[in-house]
Amino acid sequence: MTTEILVLTLVVITALGFDFTNGFHDTGNAMATSIATGALKPKTAVTLSALLNLVGGFLSVEVAVTVTKDILRLQASDGSLLSGISPSLAMTIVFAGLIGGILWNLFTWLLGLPSSSSHALFGGLVGAGIAGMGLEGVKWDGVTAKILLPAVLSPLIAGCIAALGTALIYLLSRSVRSERKKNSAFRWGQVGTASLVSLAHGTGDAQKTMGVIALALMVQGDLTVDGIEQNGLPVWIIVSCAIAIALGTYLGGWRIIRTLGKGLVDIEPAQGMAAQASSAAIILTSSHFGMALSTTHVATGSIIGSGVGKPQAQVRWGVAARMVTAWLITLPSAGLIGALCLFVSRLIGGLAGDLVIFGVLVALSVYMYQRSRRQAVTAHNVNRDWDDNEAEPPVPASAGAAH
């Protein structure tokens, strides 16, 4: 096996690792409110979400194309690498960017903060790109149009739609006297809308990793943007990414599910249905137009909107503020990690440098997993009442796995 093939293999493995973390990091976007209201049991919810994420990964490639052509300036219009960019440098940029995304995903998961996996990935790629090629190595117009503007607008739009939808639902259902019948109907509605969000999540987020693997293959000379647009992605990329995100989703990101389901709003079935319907509509629309939208931003905005739209509902704005802070620092933080990884790899040089940063990734991942077990959040305690003085319930590590 040549050095180039070995590095490409490392990149593909790391990309699938990112896809896996994306799955368990973002499960809460689809299922947190259904779990919080009792519409679905925790394990049933993540199983359903995993299956629909798997299906969603096969539905579109628009976002994958965005990742290959609108983020980094690596290739000329004919598909060849730009002058001054060697295949080794280009591959290491992609590799370092992925590591930046994974480590930031794991860190925010450890803290129970629903930050954006998409922005962690893009931040890592942009940071590594700047470190390797300078500011001109990033396509800032694409980053602005496809990432930054949707990041600002999507939670606001989702919040407004969810607030209006929630207010309308309560208005239309006020004549129904039986609370039990109303809640039962809304819980069934939640099952449907949560399934749609899971499908949408697979359609959007699995594609981002597909795009990164495709980008690595383009650097290797095995793929072109025109080829992807005409013939689609190779089937093995679609299948492996869909399976990786589904497996991650099945494990259930319980720490983040708890924050979204219990930390923002004491949510009722009607609110949950409105929030999930709003999220699904926005995510599916953005995927159709190739916008690499953050499902986390959309879902969080929808949940907050459902609290605003319900009369006398309480929104925990302190928790929301911590989330927004995490959103603001995700791109630069993941970018800094990606840049640092690129620097270390290039300092050591060659295959040894790539192996060193891969080893750092594995070591830090194991450390954060072990750290998470000190206060485990599982399917058994994810729905405990929220305590404003604690980030997570004080449960001993023996209670179960940290996921």
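Helices (H or I, at least four residues) and strands (E, at least two) are taken as DSSP runs and numbered from the N terminus. On that basis, valine 265 lies in the loop between α10 and α11. The model is a predicted one, in which local features need pLDDT of at least 70 and side-chain atom pairs count only at pLDDT 80 or more, while totals for chains, interfaces and linings use all residues. Residues are numbered from 1 along each chain as its sequence is written, and side-chain values use heavy atoms, with hydrogens and water left out.

**Salt bridges**

A salt bridge is counted when a side-chain nitrogen of Lys or Arg lies within 4 Å of a carboxyl oxygen of Asp or Glu. The search of the whole structure returns 2 salt bridges. One of them pairs the side chains of aspartate 266 and arginine 316, with an N to O distance of 3.0 Å. Aspartate 266 sits in the loop between α10 (254-263) and α11 (269-288) and arginine 316 in the loop between α12 (295-309) and α13, so this pair ties together parts that are 50 residues apart in sequence.

Lysine 310 forms a salt bridge with glutamate 268, and their closest N and O atoms are 3.8 Å apart.

Accessibility is classed as buried under 20% relative accessible area, exposed over 50%, and partly exposed in between, with a 1.4 Å probe and protein chains only.

| Residue | Relative accessible area | Class |
|---|---|---|
| Aspartate 266 | 47% | partly exposed |
| Arginine 316 | 11% | buried |
| Lysine 310 | 17% | buried |
| Glutamate 268 | 33% | partly exposed |

**Loop residues**

Contact here means heavy atoms within 4.5 Å. Valine 265 is buried, at a relative accessible area of 1%. Leaving aside neighbours within four places in sequence, valine 265 is in contact with Gln271, Ile303, Gly307, Gln314, Val315 and Arg316. The C-alpha atoms of valine 265 and arginine 316 are separated by 6.3 Å, although the two residues are 51 residues apart along the chain.

Valine 315 is in the loop between α12 and α13 and is buried, with a relative accessible area of 10%. Not counting residues up to four places away in sequence, valine 315 touches Leu264, Val265, Ile304, Gly307 and Val308. A C-alpha separation of 5.8 Å is found between valine 315 and leucine 264, which are 51 residues apart along the chain.

Glycine 253 belongs to the loop between α9 (235-251) and α10 and counts as buried, at 0% relative accessibility.

**Nonpolar cores**

A nonpolar core is a set of buried Ala, Val, Leu, Ile, Met, Phe, Trp, Tyr and Cys residues joined through side-chain atoms within 4.5 Å. The largest such core has 94 residues, and those with the most contacts inside it are Val11, Leu72, Leu74, Ile93, Leu98, Trp254 and Leu264. A second, separate core has 5 residues, among them Ile169, Phe186, Ala270 and Met273. Isoleucine 93 touches Leu72, Leu74, Leu125, Ala128, Gly129, Gly132, Met133 and Leu342, residues up to four places away in sequence not being counted.

**Helices α13 and α14**

Axes are lines fitted to C-alpha atoms, for helices over the stretch in contact, and angles run from 0 to 180 degrees between N-to-C directions. The axes of α13 (residues 317-348) and α14 (residues 350-372) come within 7 Å and cross at roughly 145 degrees. On the α13 side the contact is made by Cys341, Val344, Ser345 and Ile348, and on the α14 side by Ala352, Gly353, Asp354, Val356 and Ile357. With Ala, Val, Leu, Ile, Met, Phe, Trp, Tyr, Cys and Pro taken as nonpolar, Asp, Glu, Lys and Arg as charged, and the others, Gly among them, as polar, the contact residues divide into 6 nonpolar, 2 polar and 1 charged.
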